[in-house]
Amino acid sequence: MTQPQLQFSQMANLSTRSDVPPFYVMEVMRAAEQLESQGRTVLHLEVGQPSTAAPAGALQSVAALLGTDRLGYTGAAGLPALRQRISQWYLDRYQTDVGVEQIVVTTGASGSFVLTFLALFDAGHRVAVFEPGYPCYRNDLSALGISTVPIPLGPENDYRPSLDDLNASLPLDGLIVASPSNPTGTIIPEDQMWDLILWCRENDVALIVDEIYHGITYGEPPPSALGLLENEEKTGGPPLVVINSFSKYFSMTGWRVGWVATDQAVAARIERLAQSLTIAPPTVSQHCALAAFDCTDELEANVDRYRENRLIILQGLASAGFDRNAPADGGFYVWSDVSHLGIDSQQLAARWLEEIGVAATPGIDFDVRRGGDFIRFSYAGSADELDTACERLAHWISDEV
Ligand SMILES: Cc1ncc(COP(=O)(O)O)c(C=O)c1O
């Protein structure tokens with residue numbers, strides 16, 4: 001007798017909080033992979049990840065460990081040597097004293113989000129996020145039963161938040177800021193970041209600053225939000241949590257290591273949650289991350305390439321008529337207004353992929369309301385790829401519009 005096919009979705013009582021929207025860039029990547037499996041060539045301007053591997057020196061040091069180290073669990077807060085090295089990094093890079101007990105190593109910045117949200121917020125709390133902004137903030141918050149309060153940003157204020165907008169969104173329990181931002185590349189200057197910190201203190205709002213694109217900036221490097229606070233009196237007040245990762249500057253997306261830096265009390269809560277939720281971040285990846293700190297030349301060469309790519313893409317996009325772009329001060333993205341084409345960006349991205357083999361991310365990922373008018377282009381790939389993609393886009397526009 002044949003067994004009846006199980007219909008899982010009908011059998012299970014599925015939670016409403018798992019009903020989060022897809023991260024659309026992953027869908028574009030899947031469609032691109034499908035085309036590639038049919039022998040088509042795709043130019044990848046959709047992916048938000050370095051095209052380089054982890055630095056060579058770090059890979060060598062991990063290779064040596066594989067035969068000699070048991071690579072068992074580390075403590076939930078991470079390898080002591082790695083926490084120490086991150087602490088040293090704050091001292092060297094930002095002249096900021098962040099103690100080892102203030103640092104928790106996590107499974108990528110993504111792992112930090114869940115732990116931080118759980119440590120700071122209860123279901124029903126209200127947390128503000130900027131639109132356009134990184135979609136996983138709102139998806140994670142929503143899965144945890146926390147309400148997101150979107151605050152729209154636009155070209156009128158160079159995609160930077162104003163205190164008026166924040167005041168209008170009160171009451172709030174938390175605020176998430178990314179600087180540099182994904183997708184706009186906007187950096188919040190030091191004085192404005194300080195205003196945000198003060199505003200959060202005055203209004204008893206926990207502040208989470210995502211600094212994952214630190215190190216990939218093209219002007220004066222921004223200070224860490226933790227450093228700003230350190231220079232001022234910091235007793236009491238709502239938590240300030242800085243999140244960072246080895247995925248971008250350190251070129252280690254798939255290794256899944258990030259970290260949280262905050263005050264000791266919050267770090268201890270996060271560590272306790274991590275004990276149950278993940279036990280520990282991947283050990284081999286933590287060793288790789290530790291060694292990556294000694295690979296500055298290679299990492300800076302990557303940033304030099306992004307700097308050149310940024311000029312190539314801004315020029316190439318302008319030639320194709322895409323000249324209404326967000327600042328692109330840091331990271332490796334251009335957030336481009338495509339509304340003049342009169343085609344919804346999801347359709348546009350699908351057509352570009354199919355018709356000219358250019359993969360780009362529709363804005364809906366980052367801005368639920370106005371995303372149909374925007375495309376995010378990533379320039380993390382090679383200069384040749386960008387040149388060719390911009391040429392194809394320019395031809396497509398001249399043929400179609
Ligand atoms: C702003 C921002 N934060 C966090 C992440 C996730 O990083 P991780 O790979 O460390 O989980 C990304 C990934 O693209 C990002 O753009």
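The model is predicted. The protein chain holds 14 helices and 12 strands. A sheet of 7 strands is open, with mixed pairing. The ligand is surrounded by 13 residues.

**Overall fold**
- The radius of gyration of the protein chain is 22 Å; a compact globule of 401 residues would come near 21 Å, so the two agree.
- The C-alpha trace spans about 60 × 60 × 60 Å along its principal axes.
- Buried residues make up 46% of the 401 in the protein chain.
- Of the contacts between residues at least 6 apart in sequence, 74% join residues at least 24 apart.

**The sheet**
- Strand order is β2-β8-β7-β6-β5-β3-β4.
- β2 (103-106) and β4 (147-152) are the edge strands, each pairing on one side only.
- From one strand to the next, the twist averages 20°.
- Helix α10 (residues 264-277) packs on this sheet and touches β2, β7 and β8 (258-261). The direction of α10 makes about 30° with that of β2.
- Strands β6 (residues 206-210) and β7 (residues 240-245) pair in the parallel sense, over 4 bridges.
- Ile-208 has Val-241 in β7 as its bridge partner.

**The ligand shell**
- The closest residues to the ligand are Gly-108, Ala-109, Ser-110, Ser-245 and Ser-247.
- Helix α5 (residues 108-120) gives the most to the shell, with 3 residues.
- By class, the shell has 8 polar, 4 nonpolar and 1 charged residues.

Terms used
Residues are numbered from 1 along each chain as its sequence is written. This is a predicted model: local features need pLDDT of at least 70, side-chain atom pairs count only at pLDDT 80 or more; totals for chains, interfaces and linings use all residues. A residue is near a molecule or strand if its C-beta atom, placed from the backbone, lies within 6 Å of it. Helices (H or I, at least four residues) and strands (E, at least two) are DSSP runs, numbered from the N terminus. Ala, Val, Leu, Ile, Met, Phe, Trp, Tyr, Cys and Pro count as nonpolar, Asp, Glu, Lys and Arg as charged, and the others, Gly among them, as polar. Two strands pair if DSSP finds at least two bridges between them. Axes are lines fitted to C-alpha atoms, for helices over the stretch in contact, and angles run from 0 to 180 degrees between N-to-C directions. Two residues are in contact if their C-beta atoms, placed from the backbone, lie within 7 Å. The radius of gyration is taken over C-alpha atoms; the globule rule is 2.2 Å times the number of residues to the power 0.38. A residue is buried if 20 or more other C-beta atoms lie within 10 Å of its own, exposed if 12 or fewer, and partly exposed in between; C-beta atoms are placed from the backbone.
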